[in-house]
Amino acid sequence: MAKNRRIFLAADPIVKVGPIRISQSIDIIDDVTIEFIRDHHEDMAASTVPRWKTAIAKAIAEHEKAVGECPPRPSPSNPKRSLMTPTSQVIQLASIDPSSPIPHVRSHIFREFVTPTSSPGLPLLLTTTDIRTPKTTQIISNPHVQIAWWIEGTQEQFRVSGVASAIPAPTNMLYKHFVHNVKHAKQTSAVAALTREGFDWEAKRMAMFRGMSGHMKASWCRPVPGSRLEGGEEEAKKWPVRLEEPGEHSTDEDRKNWEKALGNFALVIVDPTDVDYVELGVVPNRRTRFWKNGDGVWDEEALVP
Ligand SMILES: Cc1cc2nc3c(=O)[nH]c(=O)nc-3n(C[C@H](O)[C@H](O)[C@H](O)COP(=O)(O)O)c2cc1C
């Protein structure tokens, strides 16, 4: 019986049994095994890390070696984050503004995956923003986004389609949209799984903010991004350049700036639904499409590049 449960060996040729694909290396599939697979396929698939996620993590690691980019990382002895971000973590995020037919795309930094402990098969992509930027209202009006992600060191492109949510401070008027998304999340979704686990999004937002460089933190207490630069460059020179967490010797101004920046800082999560993975570093080139079905289970097929 234990042998028959070897159903998720990626290297094995696969066949379909009911709604799932199983390894042809299974010699004997008895009725009990088939019943077991049918009963557990969702749990088992949700517990399998999707191959595209492993490929992204590997590509980021290999890029740093290949291109020689390896900035100092925050660590207990060096808690300050470097200003330099490896280019492998720069993604292009496209959103839709319902009032315009023009696509809206911009660079973002991919920060990390947020994955429910109970469902390693359902990773969310995490990036951060200023809640006052136009993209947040675009995402609230139409949460469908697409990410184009080229990782030079491994010559790989990941095009991730998904559904985004902006997560500002709970005091921000746009927070209610995130609350709505959580309330209406499908039971098979990552957000629902994280909610069941008691995931604390505000604690995550605080931790991400604290992990930013002083220079980055200061960017969230400038005037509204994209608004007219009143007063020109001279006015811009008055903006804070760095922010540090207020302490005993901080001024009221320091505290005000900290609160303002923290109030504007927001997380953006993308729940992937489809991943188009192109590998140009191999001959012949490879292209694979991954998609999440209605049960939250990832499937994949090879495409012509
Ligand atoms: C390399 C690079 C990384 C960036 N990373 C982010 C980011 O993580 N979050 C963000 O909000 N803006 C980031 N920006 C700025 C955006 O590209 C964009 O100019 C800004 O967010 C305003 O976008 P919007 O007007 O489309 O909302 C980055 C820009 C560059 C060049």
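**Close-up 1. Glutamine 155, a residue that is partly exposed.** Glutamine 155 counts as partly exposed because it has 16 other C-beta atoms within 10 Å. For this label, C-beta atoms are placed from the backbone: a residue with 20 or more others within 10 Å of its own is buried, one with 12 or fewer is exposed, and partly exposed is in between. Glutamine 155 sits in the loop between strand S7 (144-151) and strand S8 (156-167). It isn't a glycine, yet its phi is positive, at about 60 degrees. Helices (H or I, at least four residues) and strands (E, at least two) are DSSP runs, numbered from the N terminus. Keep in mind that this is a predicted model: local features need pLDDT of at least 70, side-chain atom pairs count only at pLDDT 80 or more, and totals for chains, interfaces and linings use all residues. Residue numbers start from 1 along each chain as its sequence is written.

Close-up 2. Proline 284 belongs to the loop between strand S9 (265-279) and strand S10 (286-292).

**Close-up 3. The shell around the ligand.** Which residues come closest to the ligand? They are Arg106, Ser107, Thr129, Thr133 and Lys135, out of 15 residues that surround the ligand. To be near it, a residue needs its C-beta atom, placed from the backbone, within 6 Å. At least two shell residues come from each of strand S4 (104-109), strand S6 (124-130) and helix H3 (134-141). S4 gives the most, with five residues. Sorted by type, the shell has four nonpolar, eight polar and three charged residues. Here Ala, Val, Leu, Ile, Met, Phe, Trp, Tyr, Cys and Pro count as nonpolar, Asp, Glu, Lys and Arg as charged, and the others, Gly among them, as polar.

**Close-up 4. Strand S3 and its two partners, S4 and S7.** S3 (residues 90-95) has a covered face, made of Ile91, Leu93 and Ser95. Val90, Gln92 and Ala94 are on the uncovered face. In a regular strand, side chains alternate between the two faces of the sheet. S3 and S4 run antiparallel and are joined by six bridges; strands pair if DSSP finds at least two bridges between them. Isoleucine 91 stands opposite histidine 108 in S4. S3 also pairs with S7, again in the antiparallel sense, over three bridges. Alanine 94 has glutamine 146 as its bridge partner in S7.

Close-up 5. Lys135, Thr136, Gln138 and Ile139 are the buried residues of H3.

**Close-up 6. Valine 270 in the largest nonpolar core.** The largest nonpolar core has 43 residues, and Ile269 and Val270 have the most contacts inside it. Such a core is a set of buried Ala, Val, Leu, Ile, Met, Phe, Trp, Tyr and Cys residues joined through C-beta atoms within 7 Å. S9 gives the most to this core, with eight residues. Leaving aside neighbours within four places in sequence, valine 270 is in contact with Leu124, Leu125, Val145, Ile147, Val160, Gly162 and Ala164. Contact means C-beta atoms, placed from the backbone, within 7 Å.

Technical notes:
Two residues are in contact if their C-beta atoms, placed from the backbone, lie within 7 Å.
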